[in-house]
Amino acid sequence: MGNLLLCYDKLMKRTLVIGGTGMLAGLVHHLAVYNQVYVIARSERALKALAGSNHNVIPIVADYTHLEDLKQKLDGLTFDTIVAWIHSSPSSTETARTIARHCQANFFDITGSDGRNPSHTSHEREIKISKLSGIAYHRVVLGSKGNRWLTNAEISDGVLEATEKKFPVFIVGE
């Protein structure tokens, strides 16, 4: 039985989710069925509520806007997949790049609906992350459903589909 558990542990993928206590909570719960899912959030209470009794959800209390704290919390960790909902700010590209340095395969960058229009999108984050060795950059654009915003469930389901299909650009909704 011990060898079976060791084998299962080696098959489990390690995923990091930034923004997993809100609209991506459903994604975290789905991924945690077969993966170790590390979640970064500022609120310890929200992280505890998200993890519940699921030992595959590993909370990391950190504010991604404080780079030194973030670097310390991620020190020594690597992930097969990173799903990042990082709000645009003057330092968001450097934050995303700092996080991406811990990625071994696929980096999914979640953006708002302005990301559907190339003239509204800065590709600086994509360029800087793509230069890191061994990382495939994927942009996931949150659209809408007709005249309304997407629900959290629709966002989580769409982002999950994006992680499975691994298209360079994936639009959730319309």
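**Notebook: contacts, sheet and helices**

I began with the contacts (heavy atoms within 4.5 Å): residues 24 or more positions apart account for 59% of those in the chain with a separation of 6 or more. The model is predicted; local features need pLDDT of at least 70, side-chain atom pairs count only at pLDDT 80 or more, and totals for chains, interfaces and linings use all residues. Numbering starts from 1 along each chain as its sequence is written, and side-chain values use heavy atoms, with hydrogens and water left out.

**Whole chain.** I looked up the elements and found 7 helices and 9 strands. Both are DSSP runs numbered from the N terminus: helices are H or I with at least four residues, strands are E with at least two. Of the 174 residues, 44% count as buried, meaning under 20% relative accessible area with a 1.4 Å probe, protein chains only. The accessible surface (Shrake-Rupley method, 1.4 Å probe) comes to about 9500 Å². Carbon and sulfur atoms hold 53% of that surface.

**Sheet.** I traced an open sheet of 7 strands in the order S3-S2-S1-S4-S5-S6-S9, with parallel pairing. Strands pair if DSSP finds at least two bridges between them. S3 (57-61) and S9 (169-172) are the edge strands, each pairing on one side only. On average, neighbouring strands are turned by 20° against each other, direction ignored. I then checked S1 (residues 13-18) and S2 (residues 35-41): they run parallel and 6 bridges join them. Lys13 stands opposite Asn35 in S2.

**Helices on the sheet.** H3 (residues 44-51) lies across S2 and S3 and runs at about 180° to S3. H4 lies across S1, S2, S3 and S4 (79-85), at about 145° to S3. Axes here are lines fitted to C-alpha atoms, for helices over the stretch in contact, and angles run from 0 to 180 degrees between N-to-C directions.

**H4 with H5.** The axes of H4 (residues 67-74) and H5 (residues 92-100) come within 10 Å and cross at roughly 10°. The two helices are therefore roughly parallel to each other, a label for angles under 35 degrees. Leu67, Leu70, Lys71 and Leu74 in H4 meet Glu94, Thr95, Thr98 and Ile99 in H5. By class, I logged 4 nonpolar, 2 polar and 2 charged residues in this contact.

**Lys166.** I found Lys166 in the loop between H7 (152-165) and S9. Its phi is near 60°, a positive value in a residue other than glycine. Lys166 is partly exposed, with a relative accessible area of 40%; that class lies between the buried limit of 20% and the exposed limit of 50%.

Notes:
Angles under 35 degrees count as roughly parallel, over 145 as roughly antiparallel, 65 to 115 as roughly perpendicular and the rest as oblique. Ala, Val, Leu, Ile, Met, Phe, Trp, Tyr, Cys and Pro count as nonpolar, Asp, Glu, Lys and Arg as charged, and the others, Gly among them, as polar.
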